[in-house]
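Colleague: Please take a close look at one residue of this model, and then set its surroundings beside the nonpolar packing elsewhere in the chain.

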Amino acid sequence: MSRTRLVALDVDGTLMSYDGVISDDVRTTVTALVDAGVHVVLATGRSAHSAVAVAQDLGLTHGWVVCSNGAVTARLDADEENGWTIAGSVTFDPGPALRAIALELPDALYAVEDLGVGFRVSAPFPPGEMTGEVTVVAFDELASAPATRVVIRAPQSTPEEFHAIVERVGLHEVTYAVGWSAWLDLTPGGVSKASALEEVRRALGVEPYETLAIGDGENDLEMLRWAARGVAMGHANDAVRGAADEVTGTIEDDGAVAVLRHVLV
């Protein structure tokens, strides 16, 4: 068996298809890794309530889940009422970034994570895009309280337009990632999946060279550079592929499975 002891896995576009399906091969391989003593850590932009649901669906009952692009870390714990608890979180003042983006995109949709519960939103998002309890509140209320994660969605825009707006506005106090659609995630400055995974690695006593990460999005860049072996999915863009040590198959090919099976060899 390889020396990999910690495997960090993005969810959407890596383990799960964009229509929400996790294949039997992924499930079987994740179970085999856990049975072999490998620490499997989901590392996702999803909020804690959604990320933990995926972990539990995969059969993970103990260990760590990195959520909200690193701003929140959850601990799977069978002794807790719902099987998990928040282990740590980092917040920031979302007001300046929200107001700056709103000047550029006044008709966009805005959401702030309601930790462990769902989201507070400026207006309803497209069906299926928000999980947990969703509450519509005034924009000023969204901008007034510390947040772990902010989502900005402009269904009529493109990722390229989002990149241009972010560059024009300048977001110096936050970390941001543009999604595969016109979706912008904001988290506290300096926080990423990598920063949270480094804390998890130290807590588990895993050596840096014993780490593997697989991802497909711009919010995976730091994670892929952090891991001793960073693997980009085949459908990832050039920036993500460039940050990785290697590239595997696409989500349609279950590209993550081939990499994970190699860990078991």
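Modeller: Ile 165 counts as buried because its relative accessibility is 9%, the class being defined as under 20% relative accessible area, with exposed over 50% and partly exposed in between, for a 1.4 Å probe and protein chains only. The model is predicted, so local features need pLDDT of at least 70 and side-chain atom pairs count only at pLDDT 80 or more, whereas totals for chains, interfaces and linings use all residues. Residues are numbered from 1 along each chain as its sequence is written, and side-chain values use heavy atoms, with hydrogens and water left out.

Ile 165 belongs to helix α5, residues 159-169, where helices are DSSP runs of H or I with at least four residues and strands are E runs of at least two, numbered from the N terminus. Leaving out residues up to four places away in sequence, Ile 165 touches Ile 101, Glu 104 and Leu 105, contact meaning heavy atoms within 4.5 Å.

Leu 58 lies 107 residues from Ile 165 in sequence and 37 Å from it in space, C-alpha to C-alpha. Leu 58 is among the residues with the most contacts inside the largest nonpolar core, which has 37 residues; such a core is a set of buried Ala, Val, Leu, Ile, Met, Phe, Trp, Tyr and Cys residues joined through side-chain atoms within 4.5 Å. Elements giving two or more residues to this core include β1, α1 (24-35), α2 (48-57) and α9. Apart from that core lies another, of 25 residues, among them Ala 102, Val 112, Ile 152 and Val 166.
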